[in-house]
Amino acid sequence: MILKGKTALVTGSTSGIGLGIALCLAKAGANVILNGFGDASAAIAQVAAHGTQVGHHPADVSDPQQIAAMIDYARDDFAGIDILINNAGIQHVDAVEDFPVEQWDAILAINLSSVFHASRLSLPGMRERGWGRIINIASVHGQVGSIGKAAYVAAKHGVIGLTKVIGLETATTQVTCNAICPGFVLTPLVQQQIDARIAKGVDAEQAQHELLAEKQPSLEFVTPSHLGELVLFLCSEAGNQVRGAAWNVDGGWLAH
Ligand code: NAD
């Protein structure tokens, strides 16, 4: 229970990676504020089973005012945020010249600007309490490109840059800021890409294999709990000198 008494806000945690990280944080004793769209009741019940305080705020993180309202909720109902996991993200795949402008704007707002807003609003409380962790769920696409993912790749490269700056600006404090760069994790976001292959006539198993074989040498998916356990390490005493890093968990993708 190394995080007993701490409060974590995990954006985009009603499903996928965010939910997996929220479960690990609760298992380690942290109170958890979930965020994200859809019916949150199943996610709340799963996290609450660990016996810590759980809340949910439905902020749309593309809107800075809604992010501010979520941070106020954390201050009023949980005495502030000690651990901020910037995880919410969306994807859209199209060539640059066909890329819908509204998708570009949405991806930049959700995947990048929300990280800036949630961080700038959480940092003063962390500094005041003398401890904090900001962990940004970037991607291998924060370090390399892939065809069709212009907005996602641009946003994730931005997240890694922002992580370095916050890491430097907090370097002499007990607040750290790092990014985690997953390869493929089998969540609804990646299932969309598998479904697109199935729609072209490939069976489900083959579609998964082909997706992995193109990029991920281990030929296995990363899991949300692999990422959650790394989050716990970054929150531990041993993580104190990990600052401004971009940590790959990618089955060897970036070793290429
Ligand atoms: P997901 O689609 O399963 O979950 C996304 C979550 O974000 C959901 O809870 C959704 O409700 C929430 N969300 C979406 N738009 C939102 C908004 N405007 N405001 C608030 N919440 C919003 O996706 P995932 O695969 O779990 O992805 C989570 C993060 O991990 C993303 O930042 C993604 O880029 C990153 N990532 C995913 C993979 C992967 O292979 N799945 C790989 C690398 C990085």
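Mentor: Residues are numbered from 1 along each chain as its sequence is written, and side-chain values use heavy atoms, without hydrogens or water. Because the model is predicted, local features need pLDDT of at least 70 and side-chain atom pairs count only at pLDDT 80 or more, while totals for chains, interfaces and linings use all residues.

Trainee: How do you know that β2 and β3 pair?

Mentor: Two strands (DSSP runs of E, at least two residues, numbered from the N terminus) pair if DSSP finds at least two bridges between them. Strand β2, residues 31-35, and β3 are joined in the parallel sense over four bridges, so they pair by that rule. Val54 in β3 is the bridge partner of Val32.

Trainee: What makes β3 and β7 the edges of the sheet?

Mentor: The open sheet has seven strands in the order β3-β2-β1-β4-β5-β6-β7, with parallel pairing. β3 (54-57) and β7 (246-249) each have a single partner strand, so one side of each is left without a neighbour in the sheet.

Trainee: Why is Thr14 called buried?

Mentor: Buried means under 20% relative accessible area, exposed over 50% and partly exposed in between, with a 1.4 Å probe and protein chains only. Thr14, in the loop between β1 (7-10) and α1 (16-27), has a relative accessible area of 17%, so Thr14 is buried.

Trainee: Which residues does Thr14 touch?

Mentor: Contact means heavy atoms within 4.5 Å, and, not counting residues up to four places away in sequence, Thr14 touches Leu19, Asn35, Gly36, Phe37, Ala40, Ala43 and His56.
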